[in-house]
Amino acid sequence: EGILRIPKEPKPVNPLPPPKDEAVGVNLDYLAVLLGQRIAAEVDGTGLAVARRDDRIVIALSGPALFAPNHRTVSDEAAQRLGPIAGLLSHVRNRVEVIAFSPDLRRDHGERAWARSIGHAQAVVETLHRSGYPRDIAALAATGAAADDRSDAASGGGAERIEIHVLGVTP
């Protein structure tokens with residue numbers, strides 16, 4: 001799998017870091033159940049899946065209407081779905097990553113496909129920030145299978161897929 005990372009400007013360091021013996025973030029077993037229930041209650045579930053993986057929780061969004069046609073901006077429909085997710089994640093201190101999986105990358109369409117995919121990941125990050133998520137989020141593009149294969153099946157395999165990964169706590 002190929003991954004392209006775009007660095008973000010550093011933000012000021014929190015003047016009150018957690019004590020050295022305290023892990024930053026929430027246990028994933030508890031968080032997966034809570035996020036799954038809350039997202040199901042607050043977000044239209046079409047093309048949306050929440051799954052617990054070994055070291056992360058994956059919130060997968062798929063479908064042809066995630067982005068405005070021929071643009072690197074999130075569609076109004078996708079922004080409405082991302083708003084409540086941002087609100088729920090804003091209370092979680094675990095690290096978050098957004099990964100864009102594009103059908104163009106699987107067909108090896110070169111630099112243009114990578115730029116489009118990373119642009120889509122960054123657009124989702126910006127939408128999450130506008131919707132109230134307060135911390136840094138890594139924006140990534142990747143080739144290969146998504147972490148949640150159900151999202152690929154739900155979209156017919158040919159649509160853009162976005163995954164929001166909530167990473168586990170490192171003791």
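Let's start on a helix. Turned away from the buried side of helix α1 is a face with four exposed residues: Y30, Q37, A40 and A41. Exposed here means over 50% relative accessible area, buried means under 20%, and partly exposed is in between, with a 1.4 Å probe and protein chains only.

Before going on, the ground rules. This is a predicted model, in which local features need pLDDT of at least 70 and side-chain atom pairs count only at pLDDT 80 or more, while totals for chains, interfaces and linings use all residues. Residues are numbered from 1 along each chain as its sequence is written, and side-chain values use heavy atoms, with hydrogens and water left out.

Back to α1. The helix covers residues 28-42, which is 15 residues. From first C-alpha to last, α1 reaches 20 Å, close to the 21 Å expected at 1.5 Å a residue. That expected span is 1.5 Å times one less than the number of residues. Which residues of α1 are buried? They are L28, L31, A32, L35 and I39. Seen down the axis, these buried residues fall within an arc of 100°, so they line one face of α1. The arc is taken from the directions that run from the helix axis to the C-beta atoms. An α-helix has 3.6 residues a turn, so residues three or four places apart point the same way.

Now the overall layout. The protein has 5 helices and 6 strands. Both are DSSP runs numbered from the N terminus: helices are H or I with at least four residues, strands are E with at least two. In order from the N terminus, the elements read β-α-β-β-α-β-α-α-β-α-β. Of the 171 residues, 43% are buried.

Next, the strands. Take β3, residues 56-62. How many of its residues are buried? The count is 7 of 7. On one side sit R56, V58, A60 and S62, on the other I57, I59 and L61, and both faces are covered. In a regular strand the side chains alternate between the two faces of the sheet.

Who are the partners of β3? Two strands pair if DSSP finds at least two bridges between them. Strand β2, residues 48-52, runs antiparallel to β3 and is joined to it by 5 bridges. In that pairing, V50 has I59 as its bridge partner. A hairpin of 3 residues connects β2 to β3.

Strand β6, residues 161-167, is also antiparallel to β3, with 7 bridges between them. Here A60 is bridged to E163, and I57 to V166.

So what about β6 itself? In β6, 7 of the 7 residues are buried, so the strand is largely enclosed by the rest of the structure. R161, E163, H165 and L167 are buried on one side, and I162, I164 and V166 on the other. Strand β4, residues 96-101, pairs with β6 as well, antiparallel and over 6 bridges. F101 stands opposite R161 there.

On to empty space. Rolling a probe the size of a water molecule over the atoms shows where empty space is left. The search runs on a 1 Å grid over the protein atoms alone. A cavity is a set of points where a 1.4 Å probe fits but cannot get out; a pocket is an open set with protein on both sides within 12 Å along at least five of seven lines; lining residues have an atom within 4 Å of a point.

The structure holds 1 cavity of 30 Å³ or more. The largest cavity has about 50 Å³ of space. What lines it? The lining is L61, L66, F67, V74, A78, L82, V124 and I162. By class, that makes 8 nonpolar, no polar and no charged residues.

One of those lining residues is F67. F67 sits in the loop between β3 and α2. F67 is buried, at a relative accessible area of 9%. Its C-alpha is 8.8 Å from that of E77, 10 residues apart along the chain.

Now the second largest pocket, with about 230 Å³ of space. It has 13 lining residues, and A68, P69, N70, R116 and H120 lie nearest its centre. The lining has 6 nonpolar, 4 polar and 3 charged residues.

Last stop, helix α2, residues 76-89, which contains G87. G87 counts as partly exposed, at 30% relative accessibility.

How values were computed: Points joined across faces, edges and corners; volume = space filled by probe spheres on them. Nonpolar A, V, L, I, M, F, W, Y, C, P; charged D, E, K, R; others polar.
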